[in-house]
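Biologist: Could you walk me through this one slowly? I'd like to know what stands behind each label you use.

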Amino acid sequence: MSAGKKFREALQKQSPLQILGVINAYSAIQAKRAGAKALYLSGAGVANASYGLPDLGMTMLEDVCIDIRRITGRCDLPLLVDADTGWGGAFNIARTVREMTKAGAAGCHIEDQVAQKRCGHRPNKELVSIEEMCDRIKAAVDAKTDLDFVIMARTDAHASEGQAAALKRAQAYVDAGADMIFAEAIHTLKEYEDFTNVIKVPVLANITEFGATPMFTVEELASVGISMVLYPLSGFRAMNKAALSVFDAIINKGTQSSTLDIMQTRMELYDMLDYHSYEDKLDALFSKNK
């Protein structure tokens with residue numbers, strides 16, 4: 001079964017589908033252990049975690065595909081990927097879809113910001129025309145090598161052009177061939193309901209922390225017809241906070257002993273990685289007593 005098919009089946013089985021953001025293969029394993037049915041690789045996650053850069057369009061397709069391959073090589077959950085603006089014109093967008101499919105992604109979302117994009121929850125975002133974004137979508141759909149690979153259209157219009165414009169854009173993107181819609185930086189449940197009433201494909205709500213959208217619950221979002229709930233960087237933020245606390249303790253106290261309670265133990269790590277089965281395999285292959 002293709003990754004795209006897995007994502008679509010997960011969407012049918014869980015409503016709304018909770019999609020957990022991961023930054024590497026290990027966090028993907030953790031998310032699966034926690035019960036996740038689908039994963040997400042954020043462009044900000046790649047820029048911040050893999051390259052130590054802000055999310056301002058400085059990472060490219062291959063930078064993202066490296067992390068896709070690492071994650072899908074170790075975890076079989078379907079992975080939705082942030083493709084930013086597609087990294088260029090029609091042929092670049094087509095290559096993005098093909099390369100992400102080959103890397104193991106289940107789908108990607110492409111946004112309607114200009115190439116010099118900004119974080120969806122920051123000010124001064126600029127959008128391309130509806131026609132240019134529709135061309136992006138058409139190029140992406142045309143490039144599919146797996147018919148089930150998901151082409152999701154993200155609109156950032158709510159923040160800069162208003163709700164009516166965002167709805168108009170979303171409908172145009174569906175008409176251009178988008179399989180699903182990502183409505184970014186929405187403020188109220190009623191506004192989400194406007195989307196689900198008008199847009200007849202699955203709609204995603206991005207519930208990222210410290211941004212423009214309140215921390216709506218799954219139940220609240222289900223009540224207004226949302227099909228997918230995304231948590232793009234929740235785990236990453238928690239990892240960062242914990243790591244900084246440990247580093248501060250080591251530098252300022254001369255020991256990490258006061259932070260052991262926020263650390264994963266060695267045995268918990270081994271269990272997550274199925275470490276002992278690897279040791280058993282080595283013993284079976286190379287034991288001198290066999």
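**What the labels rest on**

Modeller: Let's start with aspartate 84, which counts as buried at 5% relative accessibility.

Biologist: Why is aspartate 84 called buried?

Modeller: Buried means under 20% relative accessible area, exposed means over 50%, and partly exposed is in between, using a 1.4 Å probe and protein chains only. Aspartate 84 has 5%, so it counts as buried. One caution: this is a predicted model, where local features need pLDDT of at least 70 and side-chain atom pairs count only at pLDDT 80 or more, while totals for chains, interfaces and linings use all residues. Residues are numbered from 1 along each chain as its sequence is written, and side-chain values use heavy atoms, with hydrogens and water left out.

Biologist: Where does aspartate 84 sit?

Modeller: In the loop between strand 3 (79-82) and helix 5 (90-103). Helices (H or I, at least four residues) and strands (E, at least two) are DSSP runs, numbered from the N terminus. Aspartate 84 also has a positive phi of about 50 degrees, although it is not a glycine.

Biologist: What makes alanine 185 buried?

Modeller: Its relative accessible area is 3%, so alanine 185 is buried. Alanine 185 lies in the loop between strand 6 (180-183) and helix 9 (189-198), and has a positive phi of about 55 degrees without being a glycine.

Biologist: And why does glutamate 131 count as exposed?

Modeller: Glutamate 131 has 55% relative accessibility, so it goes down as exposed. You'll find it in helix 6 (residues 130-142).

Biologist: How do you know that the protein chain is as compact as a globular protein of that length?

Modeller: First, the parts: the chain has 13 helices and eight strands. Its radius of gyration is 20 Å, close to the 19 Å that the globule rule gives for 290 residues, so it is as compact as a globular protein of that length. That radius is taken over C-alpha atoms, and the rule is 2.2 Å times the number of residues to the power 0.38.

Biologist: What makes arginine 8 and aspartate 148 a salt bridge?

Modeller: A salt bridge is a side-chain nitrogen of Lys or Arg within 4 Å of a carboxyl oxygen of Asp or Glu. For arginine 8 and aspartate 148, the closest N and O atoms are 3.8 Å apart. Arginine 8 lies in helix 1 and aspartate 148 in the loop between helix 6 and strand 5 (150-155), so the pair ties together parts that are 140 residues apart in sequence. Both also belong to a salt-bridge network with Lys144 and Asp179.

Biologist: What makes Leu244, Phe247, Ile250 and Ile251 a patch?

Modeller: Patches are made of residues with over 30% relative accessible area and no salt bridge; like charges are joined within 9 Å, and nonpolar side chains (Val, Leu, Ile, Met, Phe, Trp, Tyr) within 5 Å. These four form a nonpolar one on the surface, with about 430 Å² of accessible area together, by the Shrake-Rupley method with a 1.4 Å probe, where only the protein chains shown count as cover for residues. Phenylalanine 247 is in helix 11 (residues 234-253).
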